[in-house]
Amino acid sequence: MAGDRRAGGALDGTGAAGAPSGRSAMGAQRRPWNRYDDARTAIVRDVLRTVISALVAEAGRVRLDILDAGGGTGGFAVPLAGLGHNVTVIDPSPDSLAAAERRAAEMNVSLNVVQGDVADLAMVAGDQSADLVLCHSVLEYVDSPADAMASIAQVLRPAGAVSVLAASSVAAVIHRALAGRFDDARRLLAEISGGSGQPAGPGAEAGARRPRRFTLAAVVGLIEGAGLRAGSAHGVRVFADLVPGMFADADPGAADALLALEQAVSAHPAFHDIATQFHLVGYR
């Protein structure tokens, strides 16, 4: 889980009391979002905005307790803290945590950081202490995804939620084939046939360890195996990783059209497994 392996973004208009509304929680000095980046990240941010609104209504308070497991440099955590929520980043990398603290300081928001792993959640926060846990690009790297999800379930309050973002094994095969890496694609296909989510083998570099990849069904199984209820799924970066960035960057209209396409296709079940990642929310 070391480092920040995902792109983050501000979550506009879902803040706690006194938080900015209708503009980026990252502040007026923040560089505007690149429209191509929006097409790659907007789905998760949109879903989280809806989930947080529902959790605020359910809890009857505007300030949620949020844990970001493997939160790295705070790409999601800092904007959430900027909205007024109590956010703690737990990550094994001291360098990433230091970067998260710098990012929070630059944005003048309060952020808690703790060095640790997803297995340490209960020790850090306590049982049933969190309204929301972020588990983004984490299951790919832990020793046991099932144990990680059980640890998350342990810290969730009744009616709490976990946001899970995981890499798709099917998309990995497609991307390698389109890049002309046919042997790699065939090897990954064999891994899917042998059981998704198993420990990854050596990578292209000697001694490297490739991250796990999952099918959507495998992640649903992990959520349900931890005693949680899996909500609706969304495909993330269905086309954005297949379209060269120069197409979207050169024409603002094309970038907006790509974003609209990603938003439209994200909830379509037929496209879930071919998305680079899929996002699910699990509920206690």
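Biologist: In what order do the 7 strands of the open sheet come?

Modeller: Keep in mind that this is a predicted model. The pairing in the sheet is mixed, and β3 and β6 sit at the edges, each pairing on one side only. Reading across, the order is β3-β2-β1-β4-β5-β7-β6.

Biologist: How many bridges join β2 to β3?

Modeller: These two strands run parallel. Asp91 stands opposite Gln115 in β3. As for the bridges joining β2 to β3, there are 4.

Biologist: What angle does helix α8 make with β7?

Modeller: Helix α8, residues 216-225, packs on the sheet and touches β5, β6 and β7. Comparing its direction with that of β7 gives about 20°.

Biologist: Moving on to α3, why are its buried residues on the same side?

Modeller: The buried ones are Ser96, Leu97, Ala99, Ala100 and Ala104. An α-helix has 3.6 residues a turn, so residues three or four places apart point the same way.

Biologist: Last one: is Ala255 buried or exposed?

Modeller: Ala255 belongs to helix α10, residues 252-265. Its relative accessible area is 2%, and the cut-off for buried is under 20%. Therefore Ala255 counts as buried.

Note on methods:
Residues are numbered from 1 along each chain as its sequence is written. This is a predicted model: local features need pLDDT of at least 70, side-chain atom pairs count only at pLDDT 80 or more; totals for chains, interfaces and linings use all residues. Side-chain values use heavy atoms; hydrogens and water are left out. Buried means under 20% relative accessible area, exposed over 50%, partly exposed in between (1.4 Å probe, protein chains only). Two strands pair if DSSP finds at least two bridges between them. Contact means heavy atoms within 4.5 Å. Axes are lines fitted to C-alpha atoms, for helices over the stretch in contact, and angles run from 0 to 180 degrees between N-to-C directions.
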